[in-house]
Amino acid sequence: MEKIYKTVVSSHVSISVLMLPSHTNFSGKIHGGYILSLLDQIAFACGSKFSGNYCVTASVDTVNFLKPIEVGELVTMKASVNYVGKSSMIVGIRVEAENIQTGYKKHCNSSYFTMVAKDNEGNSVAVPGLILSNFEDVKRFCNSLKQIALKKERDLHEEVFNYTSKETLEGLKKYNVQINLD
């Protein structure tokens with residue numbers, strides 16, 4: 001069977017949503033949880049479009065809330081597949097909010113979701129290979145490789161780090177904590 005490859009551009013998905021008062025938190029800004037819900041939806045759409053299969057969210061690797069979003073702003077999310085593995089994809093998402101009266105746009109969020117393609121029985125299935133067509137595609141793919149390496153390093157650290165050692169507990173004294181172990 002011949003391997004299928006698709007361009008990054010073929011994965012592009014964008015959505016725009018007007019922010020309503022019902023989307024606010026207690027401070028009157030748009031609730032981060034609402035934005036996370038939209039991010040998950042566009043990550044699903046992007047991964048499913050690229051893979052041709054149903055996709056599930058395996059992890060949310062980064063969510064950086066950079067600027068608050070106001071009621072009445074038009075939020076546009078742009079997603080693309082930045083990396084592919086065997087059955088997984090890293091979807092990068094950029095969030096911009098636009099004041100529709102002035103036209104002023106601001107970058108509010110960047111996020112990276114790992115999506116996994118599934119068949120009708122829920123088994124992981126292979127995704128197409130990724131065609132990198134320009135240096136921006138190459139940059140995003142390489143950054144995804146770094147992200148994967150850091151995640152593996154964090155997981156290894158969690159397995160081998162001794163949280164009960166005298167050195168660890170002594171080192172915590174420089175932080176804003178009080179240790180009262182029974």
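Guide: Strand β4 is mostly covered, with 10 of its 12 residues buried, where buried means under 20% relative accessible area, exposed over 50% and partly exposed in between, using a 1.4 Å probe and protein chains only. The model is predicted, so local features need pLDDT of at least 70 and side-chain atom pairs count only at pLDDT 80 or more, whereas totals for chains, interfaces and linings use all residues. Residues are numbered from 1 along each chain as its sequence is written, and side-chain values use heavy atoms, leaving out hydrogens and water.

Visitor: Which strands are joined to β4 by bridges?
Guide: Strands are DSSP runs of E with at least two residues, numbered from the N terminus, and two of them pair if DSSP finds at least two bridges between them. Here β2 (residues 13-18) runs antiparallel to β4 and is joined to it by six bridges, with Val13 having Ala79 of β4 as its bridge partner. Strand β5 (residues 88-99) is also antiparallel to β4, through 11 bridges, and the two form a hairpin with three residues between them.

Visitor: Is Ser80 buried or exposed?
Guide: Ser80, which lies in β4 (residues 73-84), is buried, with a relative accessible area of 5%.

Visitor: What does the side chain of Ser80 make a polar contact with?
Guide: A polar contact is a pair of N or O atoms within 3.5 Å; within protein, one must be able to donate a hydrogen and the other to accept it, and residues adjacent in sequence count only if both atoms are side-chain atoms. In this case the partner is the side chain of Asn82, at 3.2 Å.

How values were computed
Helix = DSSP H or I, 4+ residues; strand = E, 2+ residues; numbered from the N terminus.
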